[in-house]
Amino acid sequence: MTLLLIKQFIQKITLHMFHKHDRHTIVQFRKTPLTGAPSFRNFLHQDILIFKYMKAITYFKALADETRLRLLHLLVNHELSVGEIVTVLEMGQSRVSRHLKILAEAGLVEHRRDGLWVFYRAIEDGPGREFVDAVSYLMRKEDALRDDLRRAEEVMRERAQRIKQFFNNIAADWSKLSQQVLGDVQIADEVMSRMPSPCRVAADLGCGTGEILEALLMKADTVIGVDSSPKMLELAQKRLHTEQASLRMGSLEHLPLRDDEADFVVISLVLHHLPKPSEGLRETWRVLADGGKLVVVEFRKHENEFMRSKFGDRWLGFTDEDMQTWLSSAGFQTLEVAAFHANRGMKVGLYLAQKTTEPIENQKS
């Protein structure tokens, strides 16, 4: 970074933290004229508020390295496994792990252990997050950091393509394979028992071969099925064979539906494939009419790595706390939480929610 950027960096961080934390620890430096060539030391003497705050020193030291700066910028924008970070940055795993440890000890990144995998992201709360937010505008200006983001997006697109191809390949056997995991859990029956009647438009987001859509037709005037797999949609079309059904190619993060188009929505065993399940729920809020109902069916938190190796699951289930927090942040009120025993020692959670308030991010804007 240039000296000017360093000056802006220090001023913005210090002022930002001044407004957020202990104000009695601020020292005002007297302005002195610059003499000779500009230097970092001279910049420090120009109306810069220096914060004697130990956390700030820790944060600055943690970012005084190009690799760690690249890592933080990457993890502000994506939650990634160590393997994915290695691929994006084209560095050895030991080097990446060493720098991640420094950032974690400084309180700038955190990790989520999921079975045998570990995922990293920028810290989400507290003074560490305030520091990250304050430096983000500078990181966005760096071309090298933007290149990292482009590579990260390529990695995520390649992963999504592999998942799509996987589901294309197993589409014909999907009912049998899902039964092996779900056992006696009858998801369609549980959804139907919570579906309002009458219902104008019902949507199944991640509809697969259309089993739930077929059930929804018993109460809805129109059903909409969304899936990213062309083969799954082809089989759903053969199953339904009615003008009451609209099948659409798309993803949960970017739904091919209008605002408020559906009155009832189902998301069954889809969120565990998403890098950010909360984004899928916020997009669902957009397409659901005011007061509309949502049923989310998902695996409870488990340690069964078979689900990752066999089905490509990114998340090995979710806790009730995680799911309800995401629903609340997305603008839903949870009305019911239920659980059912599946095979392989797993449980399936069901969450009935209603669209109420604006998502938290919308309220801030």
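Predicted model: local features only at pLDDT ≥ 70, side-chain atom pairs only at ≥ 80, totals over all residues.

Visitor: What makes Glu 84 and Arg 314 a salt bridge?

Guide: The cut-off is a side-chain nitrogen of Lys or Arg within 4 Å of a carboxyl oxygen of Asp or Glu. The closest N and O atoms of Glu 84 and Arg 314 are 2.9 Å apart, so the pair qualifies. Glu 84 sits in helix H5 (residues 82–89), while Arg 314 is in the loop between helix H14 (306–311) and helix H15 (320–329), which puts the partners 230 residues apart. Both of these residues are buried.

Visitor: How many salt bridges turn up in the whole structure?

Guide: The search finds 28. Another one pairs Arg 121 with Glu 110, at 3.1 Å from N to O. Arg 121 belongs to strand S5 (residues 117–122) and Glu 110 to strand S4 (residues 109–114), so this bridge ties together parts that are eleven residues apart in sequence.

Visitor: Why are Arg 121 and Glu 110 called partly exposed?

Guide: Buried means under 20% relative accessible area and exposed means over 50%, with partly exposed in between. Arg 121 comes out at 22%, so it counts as partly exposed. Glu 110 also has 22%, so the label is partly exposed there too.

Visitor: What about Asp 263 and Arg 200: what makes that a salt bridge?

Guide: Their side chains meet at 3.1 Å, N to O, and the limit is 4 Å, so the pair passes. Asp 263 lies in strand S9 (residues 262–268) and Arg 200 in strand S6 (residues 199–205), 63 residues apart. Arg 200 has 43% relative accessibility, so Arg 200 is partly exposed. Elsewhere, salt bridges that share partners join Glu 79, Glu 110, Arg 112, Asp 114, Arg 121, Glu 124, Lys 301, Glu 305 and Arg 308 into one network.

Visitor: How do you know that His 73 is buried?

Guide: His 73 has a relative accessible area of 4%, and buried means under 20%, so the label follows. His 73 is in helix H4 (residues 66–77). Setting aside neighbours within four places in sequence, His 73 is in contact with Met 139, Arg 140, Leu 145, Arg 146 and Leu 149.

Visitor: And Gly 210, buried or exposed?

Guide: Buried, because its relative accessibility is 0%. Gly 210 lies in the loop between S6 and helix H11 (211–216). Not counting residues up to four places away in sequence, Gly 210 touches Ala 236, Arg 239 and Leu 240.

Visitor: Which residues make the contact between H5 and H8?

Guide: On H5 they are Glu 84, Thr 87, Val 88 and Leu 89, and on H8 they are Asp 148, Arg 151, Ala 152, Val 155, Met 156 and Arg 159. That contact divides into five nonpolar, one polar and four charged residues. Glu 84 is back again here, as part of the H5 side.

Definitions and conventions:
Residues numbered from 1 in each chain as written. Heavy atoms only, no water. Helix = DSSP H or I, 4+ residues; strand = E, 2+ residues; numbered from the N terminus. Buried < 20%, exposed > 50% of the residue type's maximum accessible area, 1.4 Å probe, protein only. Contact = heavy atoms within 4.5 Å. Nonpolar A, V, L, I, M, F, W, Y, C, P; charged D, E, K, R; others polar.
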